[in-house]
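Reader: I would like a close look at one helix. Please take me through how it sits in the structure.

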Amino acid sequence: MVTETFPGRFESLAGIREFVFQAASDAGFDEKEIYAVELAVDEACANIIEHAYGGEDVGEIECTCNDLKDGLEIIIKDGGEPFDPGEVVPPDFSVALEDVTPRGAGLFLIRNMMDDVDFVFSKEDGNVLRMVKRKKE
Amino acid sequence: MEINTTHYKRCDVVKSVGRIDSYTAPELEEVLKKLTDDGKYKIVLDLEEVDFMSSKGWWVLIETQKACKRYNRGELVLTGVQDRIRDSLNLVGMGGYFQLYDDVVSGVAHF
């Protein structure tokens, strides 16, 4: 298991992706699966900075990668405002171009790129996002 | 991230190199917004050397497409989109808002 803490700013995203890229490579995922993990983690961390912290340099992001036997577990913690995924309206891209809004696209991508996605908030740990990418049988 | 713009008679070609995320998307947004603010609405965006694009990047492209297509005055077309980026675009369902071409020559020929 490896853990690294990053400053909560957009400039950190490249380093966070590199961190999970390494873990996903080491776990034996193929290129397409690694991209899915990178994208899910990038979207999650961008959401943390933008919504949970409400801006850059407000708090840190702790990222843990754990190679399970059947997959890669990624745990992302932040100390921002509690996040309730139930409040996020799914994006609607069936509407006309001028009516498209970006809200919810990040969460939609996260849910589709990863196999398990759980958000938990506690006063002790703050927001904890646990995601798992399963290995192909 | 590296962004280069080439002006042609019939359209403008913007070539982006690198990774487009929440940190770098504002650079691309600035370049594209300058074009549309200058009245240039026929744009080819060459993404052949872009190997990562988050939803923040797609949103920049959606906003540019809105400006380009208003009053039928133009369009933003994308070229050389790598498979994994194309997959995520189609997965989210935003693929329908863009014409995709394999290379810049085909993209320019669109106009």
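Author: Start with the buried residues of α1(A): Leu13(A), Ile16(A), Arg17(A), Phe19(A), Val20(A), Ala23(A) and Ala24(A). Buried means under 20% relative accessible area, exposed means over 50%, and partly exposed lies in between, with a 1.4 Å probe and protein chains only. These residues cover an arc of only 155° around the axis, which puts them on the same side of α1(A). The arc is that of the directions from the helix axis to the C-beta atoms. An α-helix has 3.6 residues a turn, so residues three or four places apart point the same way.

This is a predicted model: local features need pLDDT of at least 70, side-chain atom pairs count only at pLDDT 80 or more, and totals for chains, interfaces and linings use all residues. Residues are numbered from 1 along each chain as its sequence is written, chains are lettered from A and ligands numbered from 1 in the order in which they are written, and side-chain values use heavy atoms, leaving out hydrogens and water.

Now the helix itself. α1 of chain A spans residues 13–26, 14 residues in total. Helices (H or I, at least four residues) and strands (E, at least two) are DSSP runs, numbered from the N terminus. From first C-alpha to last, α1(A) reaches 20 Å, close to the 20 Å expected at 1.5 Å a residue. That expected span is 1.5 Å times one less than the number of residues. Just after α1(A), Gly28(A) takes a positive phi of about 95°.

What covers the buried residues? From chain A, the cover includes β1 (2–7), α2 (31–52), β2 (60–67) and β3 (71–78).

How values were computed: Contact means heavy atoms within 4.5 Å.
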